[in-house]
Every structure is written in C-alpha cells, then in structure tokens.
Amino acid sequence: MNILITGATGFLGFHIAKILKDQGHNVLNFSRSHTNELTDIGVETIKGDITNKDDIDKALNGIDVIFNVAS
C-alpha cells in the first residue's frame, strides 16, 4: 500500500512511518524537510507545504492512505 505521512520528520510521524515500513508498506513523507533518519528506514520525502493546494495535489498522486500528523 502507498502511504503518505504529513510530518514524518516529527516524533509521532517518524514512529508511524517506521511501523508501516516494517509491515512492508511503501511510505512517503510530505514535509518541508527530510532527515537522515527517514533515509535510514527507506522513507522518501515529497517536499511541499500543507497549506499549498498544488503541493498537496501533487503529493496525493498514487496514494492509498494518508496519516496527517503535521503540526
């Protein structure tokens, strides 16, 4: 399953991403930044702003599930 997490660079988002990756899902972070910790667990980042509709539309292409934990 293709899963998008907004805010996977934060504490909660990172741990959700790690659990989902361990379960075999394709996990993407949607955020303004990326961390080495996300790279280490195999999560790619789609850079964008959650307040920008065009960024959101692009990020949702091919996504099955969203976890919105950005703050």
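Reader: Which backbone oxygen does the side chain of asparagine 29 reach, and at what distance?
Author: In this predicted model, asparagine 29 belongs to strand S2, residues 26-31. Its side chain reaches the backbone oxygen of serine 33, and the distance is 3.4 Å.

Reader: Is asparagine 29 buried or exposed?
Author: Beyond its neighbours within four places in sequence, asparagine 29 is in contact with residues including Leu4, Ala8, Leu38 and Ile46. Its relative accessibility is 0%. Buried means under 20%, so asparagine 29 counts as buried.

Reader: Where is alanine 8 placed, and which residues does alanine 8 touch when those up to four places away in sequence are not counted?
Author: Alanine 8 sits in the loop between strand S1 (2-6) and helix H1 (11-22). At 1% relative accessibility, alanine 8 counts as buried. With residues up to four places away in sequence left out, alanine 8 touches Gly13, Phe14, Asn29 and Leu38.

Reader: How many salt bridges does the model contain?
Author: Lysine 18 pairs with aspartate 22 at 3.4 Å, N to O. Lysine 53 pairs with aspartate 57 at 2.8 Å, N to O. The cut-off for such a pair is 4 Å, and the count comes to 2 salt bridges.

Reader: What separates lysine 53 and aspartate 57 in helix H3?
Author: Lysine 53 is exposed at 58% relative accessibility, whereas aspartate 57 is partly exposed with a relative accessible area of 41%. Because the two residues, lysine 53 and aspartate 57, are 4 residues apart in helix H3 (residues 53-59), the separation is about one helical turn.

Technical notes:
Residues numbered from 1 in each chain as written. Predicted model: local features only at pLDDT ≥ 70, side-chain atom pairs only at ≥ 80, totals over all residues. Heavy atoms only, no water. Buried < 20%, exposed > 50% of the residue type's maximum accessible area, 1.4 Å probe, protein only. Polar contact = N/O pair within 3.5 Å; in protein donor to acceptor, adjacent residues only side chain to side chain. Contact = heavy atoms within 4.5 Å. Salt bridge = Lys/Arg side-chain N within 4 Å of Asp/Glu carboxyl O.
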